[in-house]
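Hi,

Here is the structure I promised to pass on.

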Amino acid sequence: MVDMSKWQQIARENIHNRPAGEGRLAGKAAIVTGAAQGFGKGIAEELYAEGAAVVIADLNLPGAQAVAAALGSRALAVEVNVTDEESVAAMVGRTVEAFGGVDLLVSNAGVAKAGNLMQMEKQTFDFVTGINYAGYFLCAKYASAIMMAQHEADPEMFFDIVEINSKSGLEGSKNNFAYAGSKFGGIGLTQSFALELCPYNIKVNAICPGNYLDGPLWSDPERGLFVQYLNAGKVPGAKTVEDVRRWYMAKVPMNRGCFPKDVARAIFYCVEQQYETGQAIPVTGGQVMLS
């Protein structure tokens, strides 16, 4: 483990010293991984609008810098590779140096690579699980090290780790097993972390969104999931990308895709309540319902 003692001490000393903002998250410092685009960007914007100081963390540093610049003085862009332990520790350290601590981690960085069992190469499988599963572990490990130090300084405060999971973490996904498996695993991590970190007032929950059909993960014309699923034969009878899109829209009772604002509202719930941890919260427009 990277030595975090320097940053832990800074966090203890600055437990009540965060950049001033106004809103539901005023006085909190948040990290959002994978925040240069898609869900992560939208989540970061919503957190910032509610008063949080926000680290825009992404492997794409220019993209992260553009998001941070558009937000304002309480936003900081940090380059991070969530699969690299030293990179994750440095991200957390920079957050502490800039904003005095870490009150909320949104572990959002993720990738999806579709393919059936015979097509999928191990290299691709490892790539998906490395980011979605191991990356979450590393981010939770180093963020919680700071949060535990903050708990020492003020045992009455609460802190939050929120994994942006997926509806594919609640039910299997044909020809998309690497992604679904990593997300099922993420819920296992969430429940286990919740049990371990509860004594430190660190709540750990997962949010399982439906499909952000307008986001780049889905709509990128070359690498997006619409294209991947068409090529993988995931949608029966689909001939075009639009056929795939219509098929997915028809599966949602609320008749639309999930938006970042929908996910942010679930994050606000996680932060504001003080009596729930280890949960996987669906935000799917009724497509997936808990039983």
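I'll start with helix α10 (residues 260–272), which lies across β4 (104–107), β5 (159–164), β6 (202–209) and β7, running at about 160° to β6. In these notes, helices (H or I, at least four residues) and strands (E, at least two) are DSSP runs, numbered from the N terminus. Angles run from 0 to 180 degrees between N-to-C directions, and axes are lines fitted to C-alpha atoms, for helices over the stretch in contact.

A word on where this comes from: it is a predicted model, so local features need pLDDT of at least 70 and side-chain atom pairs count only at pLDDT 80 or more, while totals for chains, interfaces and linings use all residues. Residues are numbered from 1 along each chain as its sequence is written, and side-chain values use heavy atoms, with hydrogens and water left out.

**The sheet**

The strands that α10 lies across belong to an open sheet of seven, in the order β3-β2-β1-β4-β5-β6-β7, with parallel pairing. At the edges are β3 (75–79) and β7 (280–283), each pairing on one side only. On average, neighbouring strands of this sheet are turned by 20° against each other, direction ignored. Two strands count as paired if DSSP finds at least two bridges between them.

Strand β2 (residues 53–58) pairs with β3 in the parallel sense over five bridges, and there Ala-57 has Val-78 of β3 as its bridge partner. Five bridges also join β2 to strand β1 (residues 29–33), again running parallel. In that pair, Val-32 stands opposite Ile-56 in β2.

Are these two strands buried or exposed? Buried means under 20% relative accessible area, exposed over 50%, and partly exposed in between (1.4 Å probe, protein chains only). Six of the six residues of β2 are buried, so β2 is largely enclosed by the rest of the structure. β1 is mostly covered too, with five of its five residues buried.

In a regular strand the side chains alternate between the two faces of the sheet. For β2, Ala-53, Val-55 and Ala-57 on one side and Val-54, Ile-56 and Asp-58 on the other are all buried. For β1, the buried residues are Ala-29, Ile-31 and Thr-33 on one side, with Ala-30 and Val-32 on the other.

Another helix on the sheet is α3 (residues 61–71), which lies across β2 and β3 and runs at about 175° to β3.

Helix α2 (residues 38–49) has 12 residues and should span 16 Å at 1.5 Å a residue; its end C-alpha atoms are 17 Å apart, which agrees. (The expected span is 1.5 Å times one less than the number of residues.) Its buried residues are Gly-38, Phe-39, Gly-40, Gly-42, Ile-43, Ala-44, Leu-47 and Tyr-48. Just after α2, Gly-51 takes a positive phi of about 100°.

α2 packs on α10 at an angle of about 55°, with their axes 9 Å apart. The two are therefore oblique to each other; under 35 degrees counts as roughly parallel, over 145 as roughly antiparallel, 65 to 115 as roughly perpendicular and the rest as oblique. The α2 residues Gly-38, Phe-39, Gly-42, Ile-43, Glu-46 and Leu-47 meet Pro-260, Lys-261, Val-263, Ala-264, Ile-267 and Phe-268 in α10, where contact means heavy atoms within 4.5 Å.

Gly-40 sits in α2 and is buried, with a relative accessible area of 1%. Leaving aside neighbours within four places in sequence, Gly-40 is in contact with Val-32, Gly-34, Ala-35 and Asn-108.

**Helices α5 and α6**

Helix α5 (residues 122–153) and helix α6 (residues 177–197) pack at an angle of about 15°, with their axes 8 Å apart. That makes α5 roughly parallel to α6. The contact includes Phe-125, Tyr-136 and Met-148 of α5, and Phe-177, Gly-185 and Leu-197 of α6.

**Two asparagines to look at**

Asn-175 is in the loop between β5 and α6, and its phi is near 60°, a positive value in a residue other than glycine. At 15% relative accessibility, Asn-175 counts as buried. Asn-201, in the loop between α6 and β6, has a positive phi of about 60° although it is not a glycine. Asn-201 counts as buried at 17% relative accessibility.

Cheers
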